[in-house]
Amino acid sequence: MIHRPTVVEVDHAALAHNVEALRAVSGGAALCAVVKADGYGHGMVEVARTALDAGASWLAVATVEEAQRLRAAGIDAPTLLLSEPPADEAAAVVDAGVRPAVYTSRFGAALDAAAKRAQTRVAVHLKADTGMHRVGVPPDRWDELLDAVAGWGSLDVEALWTHLARADEPDADTTPQQLAAFEDFTAAARDRGVAAPLRHAANSAATLVWPDARLDLVRTGIAMYGLSPSPEVDAADHGLRPALTLRTRVSFSKRIEAGASVSYGHRWSAPSDGWLATLPIGYADGVPRLLSNRGEVLIGGGRRPIAGSVCMDQILVWCGDDEVAIGDEAVLLGAQGPDRIRVEDWAAHAETITYEIVTNLADRRVPRRHVGTG
Ligand SMILES: *Cc1c(COP(=O)(O)O)cnc(C)c1O
């Protein structure tokens with residue numbers, strides 16, 4: 001039973017369009033739909049189904065739990081686990097039938113033992129650190145890890161891969177440097193007799209602006225949702241369409257007098273007599289508090305400023321001379337008539353990236369509605 005009018009709407013026609021557009025740009029590379037963090041706040045299982053229908057052939061997740069949720073929903077497409085879990089989770093990895101990143105001999109050995117116990121084989125993706133310095137085997141341990149592979153009788157190396165630190169900066173020279181280091185890793189693997197059918201390096205930004213990174217498979221997250229990896233790599237410039245709309249309805253409205261101060265701290269005062277709307281959504285729903293006195297909302301076809309502090313469950317919106325009534329639709333993200341508020345706008349106001357905005361719209365509080373499916 002849903003009592004609040006606040007809802008995230010996910011447009012699956014936009015998701016499918018974006019998958020097709022990304023496939024077109026990446027040539028022959030396989031498309032791996034990154035659905036971690038509940039599909040970047042869009043709903044992991046629903047996004048996975050649409051992406052696979054639209055031409056993705058792989059999925060990627062951050063945790064074993066996410067992979068288990070996909071399997072429980074009956075989705076058995078090849079699924080990449082982007083980081084090693086603790087070694088004592090190896091049996092769960094085997095059980096979920098995921099293809100994990102491997103970059104330590106400790107985890108590789110634990111996984112091999114778990115695969116043997118389960119009398120099965122596990123495909124692994126050997127991850128090299130080529131300059132991001134987050135996870136991945138560092139260059140001084142490449143040979144040690146590659147030598148260990150020969151002892152793992154129940155593992156198959158399916159891919160060599162790496163991750164780029166600055167692919168969202170079209171001029172960063174670290175990207176060619178990382179790709180060159182990845183060639184070195186590939187050569188080291190060949191020298192040690194480790195053959196892998198696949199190589200991959202590209203996230204969304206690299207898929208869009210670094211052709212040399214596309215290789216055999218691209219791991220696209222943010223662009224599939226129609227959102228920009230950075231201000232310099234704008235999703236709209238690449239024909240991608242945002243899939244998410246966040247809307248609610250006016251829960252209260254009234255006229256206030258010129259000079260009246262509103263919300264916690266009285267940090268905003270009315271410039272004239274006029275209408276003030278209350279919306280039942282706040283920072284506990286994922287509206288950044290940095291939108292206080294900065295953000296805008298679409299009501300009645302117009303852009304209206306957020307007045308004063310964003311509260312936990314509510315915000316106030318200045319509508320000036322335009323009368324607003326309880327029940328009027330308010331769009332916080334997405335289009336109302338010809339106008340649109342972008343996730344990118346919020347990210348700029350909140351001094352963050354699109355990724356953080358949408359992953360904070362988790363459905364723990366705001367229900368999701370899926371439209372445009374099938
Ligand atoms: C999250 C993630 C991706 C997807 O990145 P986007 O910028 O959203 O496309 C790809 N690869 C790795 C290793 C990741 O952690």
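Trainee: What percentage of the residues in the protein chain is buried?

Mentor: Keep in mind that this is a predicted model. A residue counts as buried when its relative accessible area is under 20%, and in this protein chain 54% of the 374 residues are buried. The accessible surface of the chain comes to about 15,700 Å², and carbon and sulfur atoms account for 48% of it.

Trainee: How many helices and strands does the protein chain have?

Mentor: There are 11 helices and 20 strands in the protein chain, and its C-alpha atoms fill a box of roughly 75 × 45 × 40 Å along the principal axes. To see how the chain is connected, look at contacts between residues at least 6 apart in sequence, of which 67% join residues at least 24 apart.

Trainee: Which residues are the closest to the ligand?

Mentor: The ligand is surrounded by 14 residues, and the closest are Lys-36, Tyr-40, Ser-204, Ile-222 and Tyr-355. An N or O atom in the side chain of Lys-36 is 2.7 Å from an oxygen atom of the ligand, and for the side chain of Tyr-355 the corresponding distance to a ligand oxygen atom is 2.6 Å. Ile-222, by contrast, takes part through a backbone N or O atom, which lies 2.8 Å from an oxygen atom of the ligand.

Trainee: How much of the ligand does the protein bury?

Mentor: Taken alone, the ligand exposes 380 Å², and the protein buries 93% of that area.

Technical notes: Residues are numbered from 1 along each chain as its sequence is written. This is a predicted model: local features need pLDDT of at least 70, side-chain atom pairs count only at pLDDT 80 or more; totals for chains, interfaces and linings use all residues. Side-chain values use heavy atoms; hydrogens and water are left out. Helices (H or I, at least four residues) and strands (E, at least two) are DSSP runs, numbered from the N terminus. Buried means under 20% relative accessible area, exposed over 50%, partly exposed in between (1.4 Å probe, protein chains only). Contact means heavy atoms within 4.5 Å. Accessible areas come from the Shrake-Rupley method with a 1.4 Å probe; for residues, only the protein chains shown count as cover. A residue is near a molecule or strand if one of its heavy atoms lies within 4 Å of it. A polar contact is a pair of N or O atoms within 3.5 Å; within protein, one must be able to donate a hydrogen and the other to accept it, and residues adjacent in sequence count only if both atoms are side-chain atoms.
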